[in-house]
Amino acid sequence: MKSFTRVLPHAVRRTTRLSGAVPRLGRTQKPAFAAQCAARHLSTTPHLQEVDLTDIPPTPITHLSEVEAAMADTVQKFANEVILPKVREMDEAEAMDPSVVEQLFEQGLMGVEIPEEYGGAGMNFTAAIVGIEELARVDPSVSVMVDVHNTLVNTAVLKWASPANKKKYLPRLATNTVGSFCLSEPVSGSDAFALATKATETENGFKLNGSKMWITNSMEADFFIVFANLDPSKGYKGITAFIVEKGTKGFSIAKKEKKLGIKASSTCVINLDDVEIPKENLLGERGQGYKYAISVLNEGRIGIAAQMTGLALGAWENAVKYVWNDRKQFGRLVGEFQGMQHQIAQSYTEISAARALVYNAARKKEAGQDFIVDAAMAKLYASQVAGRVSGLAIEWMGGMGFVREGLAEKYWRDSKIGAIYEGTSNIQLNTIAKLLQKEYTA
Ligand SMILES: Cc1cc2nc3c(=O)[nH]c(=O)nc-3n(C[C@H](O)[C@H](O)[C@H](O)COP(=O)(O)OP(=O)(O)OC[C@H]3O[C@@H](n4cnc5c(N)ncnc54)[C@H](O)[C@@H]3O)c2cc1C
């Protein structure tokens with residue numbers, strides 16, 4: 001197994017780049033920016049007040065701090081050398097190679113924002129976003145594993161777990177324990193808070209009963225954040241978050257879904273049958289679960305948008321390498337025909353626009369500004385671009401794009417999920433319209 005310089009958690013102190021990294025495609029970095037980032041409070045979760053940005057000189061949105069650039073370079077190299085050789089095999093097997101999961105922990109990619117005192121990398125949100133994007137450029141399945149674990153699970157524990165639970169779980173989540181986020185159910189998808197799973201208080205804690213659906217990472221996970229209604233008389237205000245560990249009596253994986261895309265990412269139905277958990281497994285406060293879910297999903301959407309941007313770039317690069325280097329027809333490289341060049345240029349422009357939306361949403365979140373519309377626009381647009389570009393990329397490659405020898409067809413299959421999870425495209429449009437109407441209504 002190849003070993004890499006671990007980018008995290010010591011990257012903050014290290015600025016050296018691994019040699020041989022591939023181009024950063026439009027992202028730039030200058031040393032002075034790191035200092036500006038420090039001024040922008042790039043650490044993640046604790047502060048929620050808006051940061052005063054008045055004295056900070058504006059920089060291109062694609063500029064990365066040194067830490068973020070180190071993350072991009074190292075993950076790029078790791079993804080190309082370790083993950084790429086296994087992508088097709090994992091897709092065909094519809095399973096994540098356990099050695100990949102192990103390496104993700106070794107690389108520090110499962111604890112990007114977890115503070116160093118808990119064994120994490122102590123990095124900022126944008127570093128996580130850049131890592132998710134780079135992974136998706138090679139394999140969107142690995143990318144979503146890292147995304148859900150970091151942006152939903154770790155964030156929820158960091159924000160709302162008790163000090164004792166932080167001490168107990170964060171070191172595990174940073175080093176060896178995959179997490180899952182269990183909100184959706186057979187009866188509740190877009191209408192997430194219509195969930196039917198019930199929690200009842202017992203002498204020693206809580207008892208959970210119900211069924212969760214579509215749960216990412218559930219085959220690999222040992223740690224589950226489960227949303228259940230503790231007081232249905234209060235409607236969605238009864239929804240409460242709980243921590244459930246795999247192996248708890250009554251907790252079972254009922255079915256693993258066979259999917260169109262991101263096949264290596266596990267998606268399962270989970271049954272909760274009189275699952276008894278101790279009272280300390282309450283995550284945060286009773287009745288606050290819906291607020292917690294909305295909060296992490298708003299941030300998580302930026303992660304999915306980054307996954308889709310990375311996917312689009314990966315599909316674009318995979319195709320242009322072929323049409324600009326290998327395939328000739330009528331005595332010319334096929335990528336030299338103007339009809340092809342215009343599509344290639346249009347696609348790259350759209351990818352760059354999606355990336356700008358993603359980075360802007362991430363920076364606004366870090367600055368403590370309102371980013372909900374930005375996150376929704378980023379996810380909506382990036383998933384549209386991913387679908388469009390990966391579809392065109394197949395056409396640019398002709399028959400070679402259609403066969404399972406290469407990755408073109410896989411990128412396209414994988415792109416479809418961007419418009420579905422963490423809020424469908426219609427739900428993003430609803431959010432954008434609702435907030436805009438509020439702003440523009442007298
Ligand atoms: C691969 C995969 C992984 C997932 N991972 C997780 C996970 O880890 N944890 C988790 O909790 N969930 C997860 N989900 C669930 C995911 O978030 C839901 O699938 C998603 O929210 C959509 O819900 P639904 O599938 O029930 O679709 P539905 O809600 O049934 O929607 C069907 C259609 O109706 C439209 N629609 C619904 N309501 C409205 C409306 N108000 N206005 C306009 N159109 C509307 C939708 O846009 C969609 O086109 C995952 C799903 C998949 C497929």
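Predicted model: local features only at pLDDT ≥ 70, side-chain atom pairs only at ≥ 80, totals over all residues.
Residue numbers start from 1 along each chain as its sequence is written.

**Along β3**

Now widen the selection to both strands. β3 and β6 (residues 221-229) run parallel and are joined by five bridges; strands count as paired if DSSP finds at least two bridges between them. Helices (H or I, at least four residues) and strands (E, at least two) are DSSP runs, numbered from the N terminus.

Which residues point which way from β3? V178, S180 and C182 go one way, G179 and F181 go the other, and all are buried. Buried here is 20 or more other C-beta atoms within 10 Å of the residue's own, exposed is 12 or fewer, and partly exposed is in between, with C-beta atoms placed from the backbone.

**The ligand**

The shell has 21 residues, with G189, S190, T216, T424 and N426 the closest; a residue is near if its C-beta atom, placed from the backbone, lies within 6 Å of the molecule. β3 (178-182), β5 (205-216) and α12 (425-440) each put at least two residues into this shell.

Colour the shell by class and you get ten nonpolar, nine polar and two charged residues. Ala, Val, Leu, Ile, Met, Phe, Trp, Tyr, Cys and Pro count as nonpolar, Asp, Glu, Lys and Arg as charged, and the others, Gly among them, as polar. Then colour by domain: the ligand lies between domain 2 (179-290) and domain 3 (291-440), because both give residues to its shell. Those bounds come from an automatic or database domain assignment.

**Two loop stops**

Go to N217, in the loop between β5 and β6. Its phi is near 75°, positive in a residue other than glycine, and N217 is buried, with 27 other C-beta atoms within 10 Å.

Then try I262, in the loop between β8 (251-256) and β9 (267-278). I262 is not a glycine either, yet has a positive phi of about 30°. With 29 C-beta neighbours inside 10 Å, I262 counts as buried.

**Into the core**

Select F242. Leaving out residues up to four places away in sequence, F242 touches A199, F206, L208, V226, A228, I277, N281, L282 and L283; contact is C-beta atoms, placed from the backbone, within 7 Å.

F242 is also among the residues with the most contacts inside the largest nonpolar core, together with A312, V358 and A393. That core has 122 residues, and helix α7 (residues 289-325) gives the most to it, 17 residues. A nonpolar core is a set of buried Ala, Val, Leu, Ile, Met, Phe, Trp, Tyr and Cys residues joined through C-beta atoms within 7 Å.

Jump to S415 in helix α11 (residues 408-415). Buried or exposed? S415 is buried, with 27 other C-beta atoms within 10 Å. Draw a C-alpha to C-alpha distance from S415 to L311: 7.2 Å, across 104 residues of sequence.

Finish on G391, in helix α9 (residues 372-396). G391 counts as partly exposed, with 15 C-beta neighbours inside 10 Å, and its C-alpha atom is 8.0 Å from that of E409, 18 residues apart along the chain.

Conventions:
Contact = placed C-beta atoms within 7 Å.
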